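Here are my notes on the model you sent over.

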Amino acid sequence: MTIMEHRLGRRGFMTGLLGVSSLPLLGPLPAVAQGQPLRFLGTGDGKRYQLLFAAFEKVSGVRPSFEGIPFPDYQNTVVQRFRTGNSGIDVFQVDPTYVPTFAKLGILKDLTSAFAEKSKGVLFPSDVEGATYNRKMLSLPMWESTQLLFFNKQLLAKSGVEAPGSSPDARMTWDKVIDLAKKAQAAGAETGFAFEQVDRYYQLQILPESLGGGPGVKGDDLLTVDVANDAWLQAGKWYGSLYADGVASRAATGNEMADLFKAGRLAFLVGGPWLIADFDTAEGLEYGVAPHPYFAGGKAVTPSESWHLGVAAGSANTDLALRFLEYTCLNTEGARASARGEGNLSANMAAEAEFLKGVAQQHPNLQGIDTLIQYETNNTAIRRPRSLGYLQLEELVTRAWSDIRNGSDAVQTFTQLQSELERSFKRIGR
């Protein structure tokens, strides 16, 4: 999220939020930032924001100060900072799946009057919908994401397999991709297929969704657990078979997948467009992109979403914070500066169109990638569920996928997961 930042280290955050209803709801926070520069809390070392900060300084005369938190500790740190009553934050990164939880804690300023109308026709409607909870716009979408099927042209040629096309009409089924991956292995590829984010909810939600099984929760409040239906069980069996058959590797971690691909040891990899810049540095690597696969008889779906920005409730720099959000997300120049820092897709439709045009021009070997990404973000993208139980869902579903990858029976694992999540959800206050 960027989805490069995998979703690790949630246990501490979950421990604090499982009983979210028992946390004291926050009242008005003290105004502590009068006369202070705009304080921005985010993940990492802040390098990704330097282009944006410089651009904002040119138009406002203000350069935001960045405070970085390691990604595994980020969500827990945000909550703890607000619990003290003096967050010291004006603007912060918001994972949109946390919007319901943050809304309940009262730590996000309501942005409805400031941006609801201004966002129309500027941001992707699905992102705006994802920023809205209980009819209030509580965050402003900054970036977007999608997933592509990368393939190694040399490994496929060695196995006599024709390189796939990038047109959405050339989308392959999972069965077809795995068949080609096995042929590549037979011709010498060390590993046939891999997900960049092994076991992670963001990248694997599409498996049961492609089969019509839903995101794992249902009901008006998305607090009814549904991870043991036929589609989830079928998806689990298929996922387990990848590793049981040896077409995917149990040994490699998610952080190693891109390196395997760069080294020419992996034939197919599902990953994000952020990998392109890294792959271009690999000497001798010839690769292409194809549409994300789907299950035969099912529907094509792709992961989406990325970071939003929120304004801290009680910030004394509200006017400046709102100006920063508007520049970063709604102004094309600001959105371009924001996305360019790390090669992210933008939630700003005009900025994303410019970015994709540039990618296509800079990478003639990736013919059609701009059309493909635009198609996926407009037609096949799905969002993660906005549920007060999302934290538990993500943590426990990720663990279940891991168990299945390591040999556990899919039916037994998801049946047990259903019971475990139901017990966990009973602790959530509605």
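**Notes on the model**

1. Let's begin with a charged residue. Arg265 is partly exposed, at a relative accessible area of 37%. Its salt-bridge partner is Glu190, and the closest N and O atoms of the two are 2.9 Å apart. Glu190 is partly exposed as well, with a relative accessible area of 46%. Glu190 sits in the loop between α8 and β9, while Arg265 sits in the loop between α12 and β12 (266-271), so 75 residues of sequence separate these two distant parts of the chain.

2. Before going further, a word on confidence. This is a predicted model, and the average pLDDT of the protein chain is 89, with 91% of the residues at 70 or above, i.e. at least 70.

3. The whole structure has 18 salt bridges. Asp90 pairs with Arg39, with 3.1 Å between the closest N and O atoms.

4. Arg399 belongs to helix α18 and Glu420 to helix α19, so the pair ties together parts 21 residues apart in sequence. Arg399 counts as partly exposed at 34% relative accessibility, and Glu420 is partly exposed with a relative accessible area of 24%. Elsewhere, salt bridges link Asp95, Glu305, Arg384 and Arg386 into a network.

5. Now have a look at helix α11 (residues 230-244). At the start of α11, the backbone nitrogen of Ala231 has a side-chain oxygen of Asn229 within 3.1 Å. After α11 comes Gly246, which has a positive phi, near 85°.

6. What covers the buried residues of α11? The cover includes α8, β9 (191-195), α9 (201-204), α10 (206-210), α18 (390-405) and α19 (410-425). Among the buried residues themselves are Trp232, Trp238, Tyr239 and Tyr243. Those four also turn up in a cluster linked by ring pairs, together with Trp174, Phe193, Phe195, Phe295, Trp401 and Phe414.

7. On aromatics in general, the count comes to 34 aromatic pairs. Take Phe82 and Phe92: their ring centres are 5.6 Å apart and their planes are at 55°, so the pair is tilted. Phe82 lies in helix α3 (residues 71-83) and Phe92 in strand β3 (residues 91-94), so the pair ties together parts that are 10 residues apart in sequence. Phe82 is buried, with a relative accessible area of 1%, and Phe92 counts as buried at 0% relative accessibility.

8. Phe261 and Phe279 form another tilted aromatic pair, at 4.8 Å centre to centre with 35° between the planes. Phe261 is in helix α12 (residues 257-262) and Phe279 in helix α13 (residues 275-279), so the pair links distant parts of the chain, 18 residues apart. Phe261 and Phe279 are both buried.

9. Finally, two residues further out. Ser113, in helix α5 (residues 112-115), is exposed, with a relative accessible area of 78%. Lys176, in helix α8 (residues 174-186), is partly exposed, with a relative accessible area of 40%. From Lys176 to Ala116 it is 60 residues in sequence and 43 Å in space, C-alpha to C-alpha.

Conventions: Residues numbered from 1 in each chain as written. Predicted model: local features only at pLDDT ≥ 70, side-chain atom pairs only at ≥ 80, totals over all residues. Heavy atoms only, no water. pLDDT = per-residue confidence, 0-100. Helix = DSSP H or I, 4+ residues; strand = E, 2+ residues; numbered from the N terminus. Buried < 20%, exposed > 50% of the residue type's maximum accessible area, 1.4 Å probe, protein only. Contact = heavy atoms within 4.5 Å. Polar contact = N/O pair within 3.5 Å; in protein donor to acceptor, adjacent residues only side chain to side chain. Phe/Tyr/Trp six-rings, centres within 6.5 Å; stacked < 30°, edge-to-face > 60°. Salt bridge = Lys/Arg side-chain N within 4 Å of Asp/Glu carboxyl O.
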